[in-house]
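Work through the exercises below with the model open. Each task is followed by a stepwise solution.

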Amino acid sequence: MSEERFGEFVLVRRHGHVAELVMDRPKAMNAVSTEMARSLSAACAALAADRDARVVVLTSSHERAFCVGADLKERNSFSDADLLRQRPVTRGAYTGVLELPMPTIAAVHGFALGGGFELALSCDLIVADRTAVVGLPEVSVGVIPGGGGTQLLPRRIGAARAAELIFSARRVEAAEAAGLGLVDQVVEEGRDREEALELAARIAGNSPVGLRAAKRALRLGHGLDLAAGLEVEDAAWRSVAFSGDRAEGVAAFNEKRKPKWPGE
């Protein structure tokens, strides 16, 4: 297993074709400061360009928190001009995760609040342990979810449920979160990272070309009418139909062996 650090607060660990993107600011429960946002953006840019990374798992090094959102202590010292300058930096961290071209899984334990929950929502799947507490409390401090929450949450659970959670600013514990669809899987305490990495390893056994094309079709087709969505799907199919991965997948199936994906 190799490791690469991006700034002081972000680490990327390699587990074969699975890349673990670790938020590593434990003294602040991974509160997203300007520096941490820059590091997340840089790490995501590197991962997006890495053809060897088939799945990304977003994790936390803190024992009791995934991420508590924006660093309000830092922001308390900001002028209006400082806040305006920070906006594209912090936005880049959330869009960096959201726009990763390969499947992404968030491994959540403890608090995932505000921007922390938005980072999880930016992933394709969320695995949470029983200690997880999620929520978007931004209106309770005079702002709104600004890391994608007002757009990602209704796409996940529907407009009315998203409105209730955003307007009330309430925190939701793991069992209710699973029932509402805020998270996709609840596992035993302390098992979120291991379960997410195991799921990622299973996904990474599939064609990297196919995985990226499937994610592209899912993302671009969401919200379109059926006819337009099927055109998106057809374009994604055409992008893989004549690939080396498709040829290898068919050959491996007929030869009853595991495929050796060329990744192109």
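Two strands count as paired if DSSP finds at least two bridges between them. The model used here is predicted.

**Exercise 1. Describe how β1 and β2 pair, and find the partner of E4.**

Step 1. Locate the strands: β1 covers residues 2-6 and β2 covers residues 10-15.
Step 2. Count the bridges. Five join β1 to β2, and the two strands run antiparallel.
Step 3. Pick out E4. Its bridge partner in β2 is V12.
Step 4. Check the turn. Three residues lie between the strands of this hairpin, and G7 has a positive phi near 65°.

**Exercise 2. Give the strand order of the open seven-stranded sheet, then explain which strands stand at its edges.**

Step 1. Read the order: β1-β2-β3-β4-β6-β8-β11, with mixed pairing.
Step 2. Go to the ends. β1 and β11 (185-187) each have a single partner strand, so one side of each lacks a neighbour in the sheet.
Step 3. With direction ignored, neighbouring strands are turned by 20° against each other on average.
Step 4. β6 (residues 104-108) and β8 (residues 125-129) pair in the parallel sense over four bridges. A107 stands opposite V127 in β8.

**Exercise 3. Characterise the largest pocket and the second largest pocket.**

Step 1. Take the largest pocket. Its volume is about 920 Å³. Of its 32 lining residues, G69, A70, D71, L72 and R75 are the closest to the centre.
Step 2. Assign the lining to elements. α2 (72-75), α3 and α4 (115-121) each give two or more residues. α3 gives the most, with six.
Step 3. Sort the lining by class: 14 nonpolar, nine polar and nine charged.
Step 4. Move to the second largest pocket, which holds about 500 Å³ of space. It has 17 lining residues, and C123, D124, L152, R219 and H222 are the closest to its centre.
Step 5. Here α5 and α9 give two or more residues to the lining. The largest share, five residues, comes from α9.
Step 6. Sort this lining too: nine nonpolar, one polar and seven charged.

**Exercise 4. How many cavities of 30 Å³ or more are there, and what lines the largest cavity?**

Step 1. Count them. There is one cavity of 30 Å³ or more.
Step 2. Size the largest cavity: about 30 Å³.
Step 3. List its lining: F117, V134, G135, L136, L153, L165, V172 and L182.
Step 4. Classify these residues. Seven are nonpolar, one is polar and none is charged. Gly counts as polar under this scheme.

Terms used: Residues are numbered from 1 along each chain as its sequence is written. This is a predicted model: local features need pLDDT of at least 70, side-chain atom pairs count only at pLDDT 80 or more; totals for chains, interfaces and linings use all residues. Side-chain values use heavy atoms; hydrogens and water are left out. On a 1 Å grid over the protein atoms alone, a cavity is a set of points where a 1.4 Å probe fits but cannot get out, and a pocket is an open set with protein on both sides within 12 Å along at least five of seven lines; lining residues have an atom within 4 Å of a point. Grid points are joined across faces, edges and corners, and a volume is the space filled by probe spheres set on the points. Axes are lines fitted to C-alpha atoms, for helices over the stretch in contact, and angles run from 0 to 180 degrees between N-to-C directions.
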